[in-house]
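User: Hey, I've got a protein model open and I'd like to talk it through. Can you help me make sense of what's on the screen?
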Amino acid sequence: MATSTRFVLAIHVLTSLAITDGKPMRSEDLAFSVQTNATFIRSLLSRLQEAGLTTSQLGTGGGALLAKPSAKIRLLDVYRAVEDREVFAYHRQGPNESCVVGKNIQQAIRPSLDQATQALERKLGGVTIADIAQEVARLGKFTIPWSGC
């Protein structure tokens with residue numbers, strides 16, 4: 001099963017914007033940090049902007065900015081902005097209803113998967129981009145605002 005990296009890369013991008021403390025960042029500079037191409041970053045920024053998490057400043061010296069304080073952007077908001085699917089996907093075509101397992105499997109596993117999803121959402125809802133930025137600054141031994149990569 002393929003997994004998406006959009007969520008983690010979106011956290012990376014938002015954290016980069018948070019540590020610059022209001023200085024716009026070009027998609028090329030964000031792509032350099034993430035080690036991907038600027039086209040992917042622009043696509044990610046588009047999703048983040050639609051969710052109200054980023055904005056852009058046009059013209060010379062322009063680029064992406066946080067649309068609100070990093071302390072107000074929860075990881076849950078980021079997840080919901082960039083991921084297309086539920087945490088756990090059920091059968092694409094539905095299980096075989098003529099099989100005793102197929103007929104009952106989704107009903108049997110739904111409570112456990114719902115509880116796991118709720119736990120994940122609680123955790124992601126309690127961590128902000130500001131929290132991640134502070135941890136990056138602590139690990140990197142620098143202070144915010146930071147002007148480097």
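Predicted model: local features only at pLDDT ≥ 70, side-chain atom pairs only at ≥ 80, totals over all residues.

User: Okay, and how much of the protein counts as buried?
Analyst: Of its 149 residues, 36% count as buried.

User: What's it built from, in helices and strands?
Analyst: You'll find 6 helices and 2 strands. Following the sequence, the pattern goes α-α-α-β-β-α-α-α.

User: How does its radius of gyration sit next to that of a compact globule?
Analyst: The protein has 19 Å, while a compact globule of 149 residues would come out near 15 Å. The C-alpha trace spans about 65 × 30 × 25 Å along the principal axes.

User: Among contacts between residues at least 6 apart in sequence, how many join residues at least 24 apart?
Analyst: That share is 63%.

User: Let's do the strands. In which sense do β1 and β2 pair?
Analyst: They're antiparallel, with 4 bridges between β1 (residues 54-57) and β2 (residues 63-66). If you want a spot to look at, Ser 56 stands opposite Ala 64 in β2.

User: And what's up with Gly 59 in that hairpin?
Analyst: The hairpin has 5 residues between its strands, and Gly 59 takes a positive phi near 90 degrees there.

User: New topic: α4. Why would you say it's largely enclosed?
Analyst: Because 7 of the 8 residues of α4 are buried, the rest of the structure largely encloses it. The buried ones are Leu 75, Leu 76, Asp 77, Val 78, Tyr 79, Ala 81 and Val 82.

User: What do those buried residues pack against?
Analyst: They pack against α1, α3 (38-50), α5 and α6.

User: Tyr 79 is on that list, so let me ask about rings. How many aromatic pairs are there?
Analyst: The count is 2 aromatic pairs. In one of them, the rings of Phe 7 and Tyr 79 have centres 5.2 Å apart and planes at 80 degrees, so that pair is edge-to-face. Phe 7 belongs to helix α1 and Tyr 79 to helix α4, so the pair ties together parts that are 72 residues apart in sequence.

User: Are those two buried or exposed?
Analyst: Phe 7 counts as buried at 14% relative accessibility. Tyr 79 is buried as well, at 17%.

User: And what about Phe 142 and Trp 146?
Analyst: Their ring centres lie 4.8 Å apart with the planes at 40 degrees, so this pair is tilted. Phe 142 is buried, with a relative accessible area of 16%, whereas Trp 146 counts as partly exposed at 35%.

User: On to charges. How many salt bridges does the count come to?
Analyst: There are 6 salt bridges. As background, side chains of opposite charge can pair when their charged atoms come close.

User: Which residue does Glu 83 pair with?
Analyst: Glu 83 forms a salt bridge with Arg 6, and their closest N and O atoms are 3.6 Å apart. Glu 83 sits in the loop between α4 (75-82) and α5 (100-125), while Arg 6 is in helix α1 (residues 6-19), so the bridge ties together parts that are 77 residues apart in sequence. Both Glu 83 and Arg 6 are buried.

User: Where do Glu 135 and Arg 138 lie?
Analyst: Both are in helix α6 (residues 129-140), 3 residues apart, which is about one turn of the helix. Glu 135 is partly exposed at 34% relative accessibility, and Arg 138 counts as exposed at 53%.

User: How about Asp 29 and Arg 26?
Analyst: Those side chains meet in a salt bridge too, at 3.1 Å, N to O. Asp 29 is partly exposed, with a relative accessible area of 34%, and Arg 26 is also partly exposed, at 43%.

User: Last one: which residues does Ile 105 touch, leaving out those up to four places away in sequence?
Analyst: Ile 105 touches His 91 and Pro 95. The C-alpha atoms of Ile 105 and Pro 95 are 8.0 Å apart, and the two residues are 10 apart in sequence. Ile 105 itself is in helix α5 and is partly exposed, with a relative accessible area of 26%.

Note on methods: Residues numbered from 1 in each chain as written. Heavy atoms only, no water. Salt bridge = Lys/Arg side-chain N within 4 Å of Asp/Glu carboxyl O. Buried < 20%, exposed > 50% of the residue type's maximum accessible area, 1.4 Å probe, protein only. Pairing = 2+ DSSP bridges. Rg over C-alpha atoms; globule rule 2.2 N^0.38 Å. Contact = heavy atoms within 4.5 Å. Phe/Tyr/Trp six-rings, centres within 6.5 Å; stacked < 30°, edge-to-face > 60°.
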